[in-house]
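Work through the exercises below using the sequence and the coordinates. Each task is followed by a stepwise solution.

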Amino acid sequence: MQRYVVAIDGSGDFSDMTSALNAVKPEGQALIYIKNGIYNEKLVIDKPDITLVGEDMEKTVLRYCDGAKMPDETGEPMGTFKTASVKVTSKGKGFQAYNLTFENCAGLGSVVGQAVALYLDCDRAVIDHCRIVAKQDTLLTGPVYSEIEADPYILNRQMFRDCYIEGDVDFIFGGAVAVFEECTIFALQRPRELSCYLTAACTSSKLRYGYVFVDCKLTGTADEGTVYLGRPWREYANTVFINCELDKCMRREGFAKWNDTDRHKTARYAQYGSNGPGYNEAAVAEWTRILTSDEAAEYSIQKIFEGWIPEIKDYKELV
């Protein structure tokens, strides 16, 4: 395996992430150990089987500050998909990240527009014990709707475990088949007249599963009753919460419609075993579902990921 150490103080093989990624040969696996520091670089990872391991989850930070309203190289607003601090393309199959922070520091969506911290557009990805933080559109799990329209069978399987994900509007969004296990999903404060949305899926109609949250804690600084579980970015959005704890900031109806569209009629939204002060089964929106125990049993990792079982390593033993 290729191994590199990145350290801002010059004590490693490289002092910046860009140089380390450029050094990785596309054949074989590579591990990059990143020492503490704030790495202000816009990164694109387009080689397979790269693993990033940070020295400390809160002190090892991959950061950039692009917002959708900011100008790109042509002088035009760059739009959401160009804002990512770190983008892993479809060529980055097998990407893994442990014990670090992905951050977009551009600021409020009302000022800078959408600002993606991590754009994960690959299959067989594992993100474990990481922080993913921004405001609007924090985590993009590709494919996006235009790619799905071109090929509705894209299967990007992505595993998030023991992660902290923070934002305010649609801050987990995209068309991947993604499992979030034992994660903290943190909704930031917004003006009280504005709602917050944890998810905005655009799942392909050809896929049985989309977003699955298991044993997660849904909390935040948002006002009581102002946070929705999600809203449908496209018609067949698929999002399920299983045995999750809903704090008082959550809206009791769970999911929301997408503006004046009818997408909620075809969206596949459900809960099972929800608990906490932000949950009231009697108030759940009638166009969503409460799963039976037999239905919930269908949400096993093997079934969701169509046979792929994520290999989550002990990152302390990797370095």
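**Exercise 1: surroundings of a threonine**

Beyond its neighbours within four places in sequence, Thr89 is in contact (heavy atoms within 4.5 Å) with Val44, Ile45, Asp46, Asp121 and Cys122. The model is predicted: local features need pLDDT of at least 70, side-chain atom pairs count only at pLDDT 80 or more, and totals for chains, interfaces and linings use all residues. Residues are numbered from 1 along each chain as its sequence is written, and side-chain values use heavy atoms, leaving out hydrogens and water.

Task: Where is Thr89 found, and is Thr89 buried or exposed?

Solution.
1. Thr89 sits in the loop between strand 7 and strand 8 (96-98); strands are DSSP runs of E, at least two residues, and helices are runs of H or I, at least four, numbered from the N terminus.
2. Its relative accessibility is 15%, so Thr89 counts as buried (under 20% relative accessible area; exposed is over 50%, partly exposed in between, with a 1.4 Å probe and protein chains only).

**Exercise 2: cysteine pairing**

Task: Find which cysteines a disulfide joins, and which parts the pair ties together.

Solution.
1. Searching the whole structure gives one disulfide (a pair of cysteine sulfur atoms within 2.5 Å).
2. The disulfide joins Cys65 to Cys105, S to S 1.6 Å.
3. Cys65 lies in the loop between strand 6 (60-64) and strand 7 (86-88), and Cys105 in the loop between strand 9 (101-104) and helix 2 (109-112), so the pair ties together parts 40 residues apart in sequence.
4. Cys65 is partly exposed at 32%, and Cys105 is partly exposed at 29%.
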